[in-house]
Amino acid sequence: LYTDRDREALERCQNLGLRFPEITTWIRANEKDFVLVKAAGVKETGILVSCSDYHIFKKMHLTRSQAMDKYLGIVKAALDRGIVPRCHFEDITRADIHGFCLPFAARLMELSKQASMPVKIRLCDTMGFGVPYAGAALPRSVQGIVRAFTDEAGVPGQWLEWHGHNDFHKVLVNGVTAWLYGCGAVNGALLG
């Protein structure tokens, strides 16, 4: 929503007056972008919550706790407005699953319970480093990531989705693996 072109596309879709497919938005985790979500009148928004140390330390120049607090603030704001947040755990296959991702997901589940609303999670294999092999270690193991979120952080499978990239030609097998291990949805692309 933070570009004129995307806001125009949103308005054109909304002007069609169709019930489905449901229109959602995508924002960075900051208050300036969230103001645009409130103005758009959507029921759900994606929120970029980069989770690898590379993104947190090198790109955003934050500590893990600062990043988590920033993300939780935007999620709380969305829930307070009745907007379902879909948290995009960007770069998950390079992230500290047990040290950052699962504690953050558990906090999201607490907020969800308090608000009596879902907090959805998109597991983003941004670099395509995920692998479907039995015995693969975290953070590369696709099945390990999905099971950790469901079993350890208490995220319902229907609130999880896999968003894989195809840099190493594993996008299909990783998407199927995520689904087989409990992920409720897999993202795809049409025409490339």
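Predicted model: local features only at pLDDT ≥ 70, side-chain atom pairs only at ≥ 80, totals over all residues.
Helix α4 is a place to start. This helix covers residues 64-80, 17 residues in number. From its first C-alpha to its last, α4 reaches 24 Å, close to the 24 Å expected at 1.5 Å a residue. The buried residues in α4 are A67, M68, Y71, L72, I74, V75, A77, A78 and L79. Several elements take part in covering these residues: the cover includes the strands β1 (25-28), β2 (44-48) and β3 (84-89). It also includes the helices α2 (31-40), α3 (53-59) and α5 (97-115). After α4 comes G82, whose phi is positive, near 80 degrees.

Helix α5, part of the cover of α4, can be described in the same terms. With 19 residues at 1.5 Å a residue, α5 should span 27 Å, and its end C-alpha atoms are 25 Å apart, which agrees. At the N-terminal end, D96 caps the helix, with a side-chain oxygen 3.4 Å from the backbone nitrogen of H98. Just after α5, S116 has a positive phi of about 55 degrees. Along the helix, I97, F100, C101, L102, F104, A105, L108, M109, L111 and S112 are buried. Their cover includes the helices α3, α4 and α6 (142-152), together with the strands β3 and β4.

S50 lies in the loop between β2 and α3. Is S50 buried or exposed? Its relative accessibility is 4%, so S50 counts as buried, the cut-off being under 20%. Leaving aside residues up to four places away in sequence, S50 touches H55, I56, Y71, H88, E90 and F100.

K120 belongs to strand β4, residues 120-125. Its relative accessible area is 18%, and K120 is therefore buried. Which residues does K120 touch, not counting those up to four places away in sequence? They are E44, V84, P85, R86, C87 and W159. With E44 there is also a polar contact of 2.9 Å between the side chains. K120 and N15, by contrast, are 26 Å apart in space, C-alpha to C-alpha, and 105 residues apart in sequence.

The remaining topic is open space. Rolling a probe the size of a water molecule over the atoms shows where empty space is left. The largest pocket holds about 260 Å³ of space. Its lining consists of R122, H163, G164, H165, V171, N187, G188 and A189. By type, that lining has two nonpolar, five polar and one charged residue.

The second largest pocket has a volume of about 210 Å³. Residues C13, Q14, G17, L18, R19, F20, P21, E22 and I23 line this pocket, along with G41, V42 and K43. Here the lining divides into six nonpolar, three polar and three charged residues.

Notes. Residues numbered from 1 in each chain as written. Heavy atoms only, no water. Helix = DSSP H or I, 4+ residues; strand = E, 2+ residues; numbered from the N terminus. Expected span 1.5 Å × (residues − 1). Buried < 20%, exposed > 50% of the residue type's maximum accessible area, 1.4 Å probe, protein only. Contact = heavy atoms within 4.5 Å. 1 Å grid on protein atoms, 1.4 Å probe; cavity = no way out; pocket = protein on both sides within 12 Å on 5 of 7 lines; lining within 4 Å. Points joined across faces, edges and corners; volume = space filled by probe spheres on them. Nonpolar A, V, L, I, M, F, W, Y, C, P; charged D, E, K, R; others polar. Polar contact = N/O pair within 3.5 Å; in protein donor to acceptor, adjacent residues only side chain to side chain.
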